[in-house]
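Please look over the salt bridges and the sheet of this model. A short report follows the display.

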Amino acid sequence: MPRELSVVVWSKEGCHYCDEVKKYLQEREISYETIDVTNKDEWRDILQIKYNVRHVPVIEIGENNVYRAVTEVGISHLERVLNTEEAKL
């Protein structure tokens, strides 16, 4: 049985970059879970604690509860991490 990456997209309503990330994942047929931080400062607090950022999108990629976060904005950063993680599978 092939292993599959777990992907979590932290996003908010009206975020163009968030929509871009989701579209990219959909085009590559990569399933993902969304955590919507719209009007939820407590969720942004979690991003601050985990990654020292409060902005979105933040994309967590991993398996077996071990994740690598993409905190830089831009598809090229996401592609680099996805390619690295997929190569491990």
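## Salt bridges and sheet

Lys 50 is partly exposed, at 45% relative accessibility. The classes are buried (under 20% relative accessible area), exposed (over 50%) and partly exposed (in between), with a 1.4 Å probe and protein chains only. The model is predicted: local features need pLDDT of at least 70, side-chain atom pairs count only at pLDDT 80 or more, and totals for chains, interfaces and linings use all residues. Residues are numbered from 1 along each chain as its sequence is written, and side-chain values use heavy atoms, with hydrogens and water left out.

Lys 50 forms a salt bridge with Glu 60, with 2.7 Å between the closest N and O atoms. This pair links distant parts of the chain: Lys 50 lies in helix H2 (residues 41–51), Glu 60 in strand E3 (residues 58–63), ten residues apart. Helices (H or I, at least four residues) and strands (E, at least two) are DSSP runs, numbered from the N terminus. Glu 60 is buried, with a relative accessible area of 5%.

The structure holds three salt bridges. The term requires a side-chain nitrogen of Lys or Arg within 4 Å of a carboxyl oxygen of Asp or Glu.

| Salt bridge | Closest N to O |
|---|---|
| Lys 23 – Glu 27 | 3.9 Å |
| Lys 50 – Glu 60 | 2.7 Å |

Lys 23 and Glu 27 are both exposed. They are separated by about one helical turn, because they sit four residues apart in helix H1 (residues 16–27). Arg 54 is partly exposed, with a relative accessible area of 31%.

Four strands form an open sheet in the order E2-E1-E3-E4, with mixed pairing. Strand E2 (33–36) and strand E4 (66–70) are the edge strands, each pairing on one side only. Two strands count as paired if DSSP finds at least two bridges between them. Neighbouring strands are turned by 20° against each other on average, direction ignored.

Strands of a sheet pair through backbone hydrogen bonds, either parallel or antiparallel. E3 and E4 pair in the antiparallel sense, over five bridges. Ile 61 stands opposite Arg 68 in E4.

Helix H1 packs on the sheet, touching strand E1 (6–11), E2 and E3. Contact means heavy atoms within 4.5 Å. The direction of H1 makes about 160° with that of E1. Axes are lines fitted to C-alpha atoms, for helices over the stretch in contact, and angles run from 0 to 180 degrees between N-to-C directions.
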